[in-house]
Amino acid sequence: MRATLCLSALLLAATVTPALAQDDYTEFASKEDRFTIVFPGKPTLTEGTWLTEYGVTLPSKIYTVSGITGKHTLTVVDYTPVERVLDEKSFSCPPGAETCSGVGDTGLGYWKNDYRGAGTYAIKKMIADRDITITHLMFNFMQMVAGQEIQFTNNKDKSRTFGAAYMHANRLFIAESTVPKGMPPPTVLQQTFGWLDETGTKNVRYAYLYTNEPDHAVPPPPVRGQAGQ
């Protein structure tokens with residue numbers, strides 16, 4: 001049996017499943033942001049802000065689960081306004097400045113670089129100014145969408161954190177799960193990302209690697225199962 005989780009303030013569509021085995025998992029889908037994921041519990045939703053690498057402040061949605069399994073957060077940021085905001089900022093930069101001309105396919109105000117580096121920047125922000133030991137850092141993909149994963153240990157309390165960052169459909173997704181010392185690895189968020197099509201109703205897996213290239217002239221890879229695939 002499924003119940004609808006109403007988040008009308010953000011116009012999101014979500015689905016909730018009952019407990020699976022002995023764990024209280026929540027299967028979640030957002031039409032607006034075109035993703036699916038499984039939370040290790042029932043998430044609460046708050047609104048926040050996200051400052052991009054090149055200084056654009058964007059609204060964010062933060063889903064949080066806290067309990068005996070640790071703390072798990074998923075942050076979703078829509079990068080769509082970045083191009084417009086950095087274009088506008090570039091009008092006031094000094095004459096001849098590189099950011100005014102978009103030299104080297106960076107885009108005016110470096111807006112293309114802000115898109116391309118969003119995942120790397122998210123990982124950097126996750127570990128900045130923390131007393132940790134990084135135990136794993138890797139490229140990864142989920143359903144052929146490119147991203148990054150990181151694992152680190154807190155040097156003081158020996159808690160462990162597993163993180164991941166992906167860009168899809170101009171949205172940045174940041175998953176971070178921290179568990180106390182001795183608890184099993186917190187991999188549920190990082191390993192259950194799925195993606196939805198333009199309608200927000202069908203799961204997609206791309207035929208080859210998807211990267212969120214900001215150049216609008218470059219189409220995304222075809223979806224597996226389409227004609228010719």
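## Two loops with positive phi

Lys-158 sits in the loop between strand E9 (145–154) and strand E10 (160–168); helices here are DSSP runs of H or I with at least four residues, strands are runs of E with at least two, and numbering starts from the N terminus. Its phi is near 65 degrees, a positive value in a residue other than glycine. Lys-158 is partly exposed, with a relative accessible area of 39% (buried means under 20%, exposed over 50%, partly exposed in between, using a 1.4 Å probe and protein chains only).

Asn-170 is partly exposed, at a relative accessible area of 23%.

Residues are numbered from 1 along each chain as its sequence is written, and side-chain values use heavy atoms, with hydrogens and water left out.

The protein chain has a mean pLDDT of 87, and 87% of its residues reach 70 or more (pLDDT is the predictor's confidence in each residue, from 0 to 100). Residues 1–22 are another story: pLDDT stays under 50 there, and the model gives them 45 contacts beyond four places in sequence, a contact being heavy atoms within 4.5 Å. Where pLDDT is low, the predicted coordinates should not be read in detail.

Strand E12 (residues 194–196) and E13 are joined in the antiparallel sense by two bridges. Leu-196 stands opposite Asn-203 in E13.

## Helix H1 and its neighbours

Helix H1 covers residues 82–90, and its buried residues are Val-82, Val-85, Leu-86, Asp-87 and Ser-90. They pack against strand E6 (57–67), helix H2 (98–101) and helix H3 (111–116).

## The largest pocket

The largest pocket is lined by 24 residues, with Tyr-206, Tyr-210, Val-218, Pro-219 and Pro-220 nearest its centre. On a 1 Å grid over the protein atoms alone, a pocket is an open set of points where a 1.4 Å probe fits, with protein on both sides within 12 Å along at least five of seven lines; lining residues have an atom within 4 Å of a point.

Methods: This is a predicted model: local features need pLDDT of at least 70, side-chain atom pairs count only at pLDDT 80 or more; totals for chains, interfaces and linings use all residues. Two strands pair if DSSP finds at least two bridges between them.
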